[in-house]
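Thanks for coming. I have one structure to show today, and I will go through it piece by piece.

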Amino acid sequence: MWHKRFSHVYLEEGVEKYPMTRVILDRLSNSKLVTVKNYKDVFARSGQNFQLQKRSPKLILARKKDHLIYEGSMASQDFGYRNFYYNSLLLNCVYNCDYCYLQGMYPSGNMVVFVNEDDFYRATAKAIDYRPFPQEPLYLCISYDTDLLAYESVVPYTSRFIEFTREHEDLVIEIRTKSANWRALEEIVPCDRAILAWTLSPPEVASAYEQLTPSPEQRIQAIKQCLDRGWPVRLCFDPVLRIDNWEKIYISFFKEVFKHLPAEKIRDVSLGVFRMNPDYFKRIKKQRTDSDILYYPFESSPSFVSYPAEERSQMIEKLKDALTKYVPAETIETWT
Ligand code: SF4
């Protein structure tokens, strides 16, 4: 389905020489091609409307010239890895969740793919060599500002980064997704240092606030397939939203999830409430009046907007307690 989503592909001058460009263009043979001098001429133009562009997004192929790897941010969970990094192979996502911070982070709803993959591998190898805690592996989130696995049928970065990881024993990667695209990994031998991290939300949340994503049932089936094949799987109940009846809804969802998934095979669990950088949040609210979850009486601090502290603690405490019926407490990483 994603093959047909992009009517136009913009090519930054010079990207034709990269093998990834050829792979993508072969898969999008019906799209119209337009050459641009610099990808920012399209992506970073002022006055764009993120949600309008999401209805008919364009794909932009570009070369990432700097910042091929970043240090991890405090709003994310590091699961105890002190050498915590992430990269941005793609900017934006094929999905369109109401609570997604990308709406406030990027000026455009179009999607960028950085095709100079060898530069990313080189930067990662260098970061491994110079990691601050050499006794511990480098932990790299490769699906950070996007959903990489969802778009694997067009941009095969997930499988390629898994193979790169297999060759670098001091590297652990996390691939976060809402996709149900387990078939993209069917031919790949599982790697115990490539963690497939599935974000799961109750049907009440997914159907209302996670546009274009596969249903929770489809995601659970995909997880099951990957667990059966031996992949390390992380479950992410994050962001938890304080909707009406949130406690009942999330607790019965946990029951449903672990009815289908063998809890003893789950590597770990992430549990976090909705939070967002205040500037992104402000920008999103200016653009959107159509989503009630953005209009909760949140509390704002210099580093994030979220539910008031007391509500956050209550949500995490209750939901962590409910999760410990299925998985050991020490495998649950929380964000309050
Ligand atoms: S799946 Fe993640 S990255 Fe994609 S739109 Fe939803 S929240 Fe944003």
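Before the sheets, one term: two strands count as paired if DSSP finds at least two bridges between them. This is a predicted model. With that rule in hand, take strand 16 and strand 17, residues 305–306, which pair in the antiparallel sense over two bridges. Glu299 has Ser306 in strand 17 as its bridge partner.

These strands belong to an open sheet of three, in the order 15-17-16, with antiparallel pairing. Strand 15 and strand 16, the latter at 299–300, stand at the edges with a single partner strand each, so one side of each has no neighbour in the sheet.

Now a residue in that sheet. Arg275 is found in strand 15, residues 275–276. Is Arg275 buried or exposed? Arg275 counts as buried, because 21 C-beta neighbours lie inside 10 Å and the cut-off for a buried residue is 20 or more. Its C-alpha lies 7.6 Å from that of Tyr307, a residue 32 positions away in sequence.

Next, strand 8, residues 111–114. Strand 8 pairs with strand 3, residues 59–62, in the parallel sense over four bridges. Within that pairing, Leu61 has Val113 as its bridge partner in strand 8. Strand 8 also pairs with strand 6, residues 90–91, this time in the antiparallel sense over two bridges. Here Leu90 stands opposite Val113.

That brings me to the cores. As a general point, nonpolar side chains in soluble globular proteins tend to be buried together. In this model the largest nonpolar core has 89 residues, and the members that touch the most others are Ile60, Val112 and Val113. Leaving out residues up to four places away in sequence, Ile60 touches Tyr10, Tyr39, Val42, Phe43, Asn110, Met111 and Val112. There is also a second, separate core of five residues, among them Met276, Phe281, Ile284 and Leu294.

A helix residue for comparison. Thr124 sits in helix 5, residues 117–129. Thr124 is buried, because 23 other C-beta atoms lie within 10 Å. Apart from residues up to four places away in sequence, Thr124 touches Ile69 and Leu140. Between Thr124 and Tyr86 there are 9.7 Å, C-alpha to C-alpha, and the two are 38 residues apart in sequence.

Then the ligand. Which residues are around the ligand? They are Cys93, Tyr95, Asn96, Cys97, Cys100, Leu102, Thr146, Asp147 and Lys178. By class, this shell divides into five nonpolar, two polar and two charged residues.

Last, the protein chain as a whole. Its secondary structure comes to eleven helices and 18 strands. Of its 336 residues, 43% are buried. Among contacts with a separation of 6 or more, 78% join residues 24 or more positions apart. Along the principal axes, the C-alpha trace spans about 55 × 45 × 40 Å. The radius of gyration is 20 Å, which agrees with a compact globule, because one of 336 residues would have a value near 20 Å.

That is what I have; I will take questions now.

Methods. Residues numbered from 1 in each chain as written. Predicted model: local features only at pLDDT ≥ 70, side-chain atom pairs only at ≥ 80, totals over all residues. Buried ≥ 20, exposed ≤ 12 C-beta atoms within 10 Å, placed from the backbone. Near = placed C-beta within 6 Å. Nonpolar A, V, L, I, M, F, W, Y, C, P; charged D, E, K, R; others polar. Core = buried A, V, L, I, M, F, W, Y, C linked by C-beta atoms within 7 Å. Contact = placed C-beta atoms within 7 Å. Rg over C-alpha atoms; globule rule 2.2 N^0.38 Å.
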